[in-house]
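Open the model in your viewer and keep the selection panel handy. We will go from one residue out to its surroundings, stop by stop.

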Amino acid sequence: MFDKIVEESKIKSPWLFHLNMGSCNGCDIEFVALLTPRYDVERFGIKLTGSPRHADIVVVSGPLTSQVKDRVLKVISQVPEPKVIVSLGSCPMSGNVFKGSYSVEAPVDRFFHVDVSVAGCPPKPEAMIDGILKAVEILKEKRGIK
Amino acid sequence: MGFPFIKYAIKNLFSKPSTERYPYIKKETPKEYRGKIKYYPDRCIACGLCIRVCSPAAITMIKGEKGEEGQKITMQFNLNSCTFCKMCADFCPRKSIELTNEYSMVATDKNELIVSGSFIKKNPPKKNINKTGGVQAV
């Protein structure tokens with residue numbers, strides 16, 4: 001009974017972890033704007049967390065540089081299941097203008113499964129809200145709660 | 001003078017919140033916003049200028065087999081890889097590419113974000129050679 005309440009309330013308040021994988025900071029600036037009073041993603045109970053071990057949703061941006069690759073994989077493996085990974089912008093899905101560079105591991109879905117991808121360079125904060133709300137739905141499905 | 005910010009405090013008590021109620025009230029984009037690509041295959045002439053100008057190589061042209069009527073050409077715009085710089089639309093001589101103001105591009109599958117269109121590029125008219133040696137188009 002108590003566990004059920006905890007499970008259901010976790011859906012109402014998913015915690016977000018933001019991971020920069022060598023991004024140009026365009027997506028990061030737009031993403032941080034979501035947490036400001038103007039877009040205020042906390043309306044949906046979403047909260048930014050500092051630790052991957054507390055996270056439900058991982059927001060990932062950047063083309064995954066070779067230097068940061070091992071660390072990113074380590075951080076993502078620390079996120080408890082069920083987790084949802086959201087990718088921001090074109091970079092994680094293809095490499096964008098950095099495609100083919102010696103220091104970029106481009107399509108990120110070779111290393112881990114990306115559930116929701118938001119296109120744009122950078123995506124508009126409204127598009128990011130859409131993406132995160134979709135991620136919450138997927139999280140609901142993964143937890144098996146209607 | 002005792003209360004320095006009292007004017008703003010009272011003003012903020014009665015003003016609207018600054019938060020945008022986004023998913024409930026849709027927001028309009030500014031003019032000339034570069035969003036999702038729209039492609040008009042009927043205007044395209046397959047010159048390949050957009051492919052040449054695209055810096056992230058997001059545009060591919062797939063050439064089909066040559067038939068009686070002409071060649072089937074499919075243009076694919078991979079929005080997973082697009083930078084939305086609008087260079088393709090600017091350079092297109094027939095204005096067959098347009099960047100709309102649709103900004104919400106959310107996909108759970110990679111292939112959802114590929115915009116494509118195909119058309120048949122007609123063969124050049126066949127030429128008849130006269131007895132006098134002149135060339136005449138039919």
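Start by selecting A:Val118. Leaving aside residues up to four places away in sequence, A:Val118 touches A:Val86, A:Ser87, A:Leu88, A:Pro123, A:Ala127, A:Met128, A:Gly131, B:Met105 and B:Val106; two residues are in contact if their C-beta atoms, placed from the backbone, lie within 7 Å.

A word on what you are viewing: this is a predicted model, in which local features need pLDDT of at least 70 and side-chain atom pairs count only at pLDDT 80 or more, while totals for chains, interfaces and linings use all residues. Residues are numbered from 1 along each chain as its sequence is written, and chains are lettered from A and ligands numbered from 1 in the order in which they are written.

Now widen the selection to the core. The largest nonpolar core has 54 residues, and A:Val118 is among those touching the most other members, along with A:Ile57, A:Val58, A:Val59, A:Val60 and A:Val86. Such a core is a set of buried Ala, Val, Leu, Ile, Met, Phe, Trp, Tyr and Cys residues joined through C-beta atoms within 7 Å, where buried stands for 20 or more other C-beta atoms within 10 Å of a residue's own. Colour helix 5 (residues 125-143) of chain A next: with five residues, this helix gives the most to the core. Helices (H or I, at least four residues) and strands (E, at least two) are DSSP runs, numbered from the N terminus.

Which order do its six strands follow? They run 2(A)-1(A)-3(A)-4(A)-5(A)-5(B) in an open sheet with mixed pairing, and strands pair if DSSP finds at least two bridges between them. Strand 2 (47-48) of chain A and strand 5 of chain B stand at the edges with a single partner strand each, so one side of each has no neighbour in the sheet.

Visit both ends. At one, strand 1 (residues 15-20) of chain A runs parallel to strand 2 of chain A, joined by two bridges; look for A:Trp15 opposite A:Lys47. At the other, strand 5 (residues 116-118) of chain A pairs antiparallel with strand 5 (residues 106-107) of chain B over two bridges, and A:Ser117 stands opposite B:Ala107.

From there, select the whole interface: 24 residues of chain B are in contact with 25 residues of chain A.

Finish in chain B, where a hairpin of three residues joins strand 2 to strand 3. Six bridges link these antiparallel strands, residues 59-66 and 70-78, and B:Ile59 stands opposite B:Phe77.

Notes: Buried ≥ 20, exposed ≤ 12 C-beta atoms within 10 Å, placed from the backbone.
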